[in-house]
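Have the structure open as you read.

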Amino acid sequence: MKLIVHKIRLLDQSLATRFEDWVINTDYPTCPKLPSVVGFSVQRADPGLDFDYYEVITVTSQNEFEKDMATKGFMALVEMFSEMAEVVEEIAGTRLGDGYRRE
């Protein structure tokens, strides 16, 4: 599994409520339509950092994710996202083993 972390900065702090609503009601519901995405969450960053949110994306592979990124559905997400925020840093890597998650 490939993990991608994006640090996100709002274009304007007044967009916070709109951005969070969009994540919950548009971004999350689109994930099942992207076959490479097996996990996705957005977190509000602690105050005082140089970014406002960060998202963690777990994908089956970089190649498969790139195919999903070329779809109309994904491009529509990028367009809406770009009206509110920008990715200021990307960190990517491969998880060691299965990791741990309490269910």
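## Helix pair first

Helices here are DSSP runs of H or I with at least four residues, numbered from the N terminus. Keep in mind that this is a predicted model. With that numbering, Glu-64 and Lys-67 both sit in helix α2, three residues apart, or about one turn of the helix. They form a salt bridge, with the closest N and O atoms 3.2 Å apart. Glu-64 is partly exposed at 33% relative accessible area, and Lys-67 is partly exposed too, at 48%.

## Bridges across the chain

The salt bridge count comes to five. Glu-89 and Lys-7 make one of them, at 3.0 Å from N to O. This pair ties together distant parts of the chain: Glu-89 is in strand β4 and Lys-7 in strand β1, 82 residues apart. Glu-89 is partly exposed at 35%, and Lys-7 is partly exposed at 22%.

Arg-18 and Glu-83 form another salt bridge, their closest N and O atoms 3.2 Å apart. Arg-18 belongs to helix α1, while Glu-83 is in the loop between α3 and β4, 65 residues away. Both count as partly exposed, with 43% for Arg-18 and 44% for Glu-83.

## Two nonpolar cores

The largest nonpolar core has twelve residues, among them Ile-8, Leu-10, Phe-19, Trp-22, Tyr-53 and Phe-81. β1 (2–10), α1 (16–30) and α3 (72–82) each put in at least two residues, and α1 has the largest share, with three. A second, separate core has eight residues, including Ile-4, Leu-34, Val-59 and Phe-74.

Take a look at Tyr-53 in the largest core. Leaving out residues up to four places away in sequence, Tyr-53 touches Ile-8, Leu-10, Phe-19 and Val-42, as well as Lys-7, Glu-20 and Arg-44, among others.

The largest pocket holds about 350 Å³ of space. It has 19 lining residues, with His-6, Glu-55, Ile-57, Phe-65 and Phe-74 nearest its centre. α3 gives the most to this lining, four residues. By class, the lining of the largest pocket splits into 14 nonpolar, two polar and three charged residues.

The second largest pocket holds about 250 Å³. Its lining includes Met-1, Phe-40, Val-56, Asp-98 and Arg-101. β2 and β3 are the elements that give two or more residues to this lining, and β2 has the largest share, with four.

Notes: Residues are numbered from 1 along each chain as its sequence is written. This is a predicted model: local features need pLDDT of at least 70, side-chain atom pairs count only at pLDDT 80 or more; totals for chains, interfaces and linings use all residues. Side-chain values use heavy atoms; hydrogens and water are left out. A nonpolar core is a set of buried Ala, Val, Leu, Ile, Met, Phe, Trp, Tyr and Cys residues joined through side-chain atoms within 4.5 Å. Buried means under 20% relative accessible area, exposed over 50%, partly exposed in between (1.4 Å probe, protein chains only). Contact means heavy atoms within 4.5 Å. On a 1 Å grid over the protein atoms alone, a cavity is a set of points where a 1.4 Å probe fits but cannot get out, and a pocket is an open set with protein on both sides within 12 Å along at least five of seven lines; lining residues have an atom within 4 Å of a point. Grid points are joined across faces, edges and corners, and a volume is the space filled by probe spheres set on the points. Ala, Val, Leu, Ile, Met, Phe, Trp, Tyr, Cys and Pro count as nonpolar, Asp, Glu, Lys and Arg as charged, and the others, Gly among them, as polar. A salt bridge is a side-chain nitrogen of Lys or Arg within 4 Å of a carboxyl oxygen of Asp or Glu.
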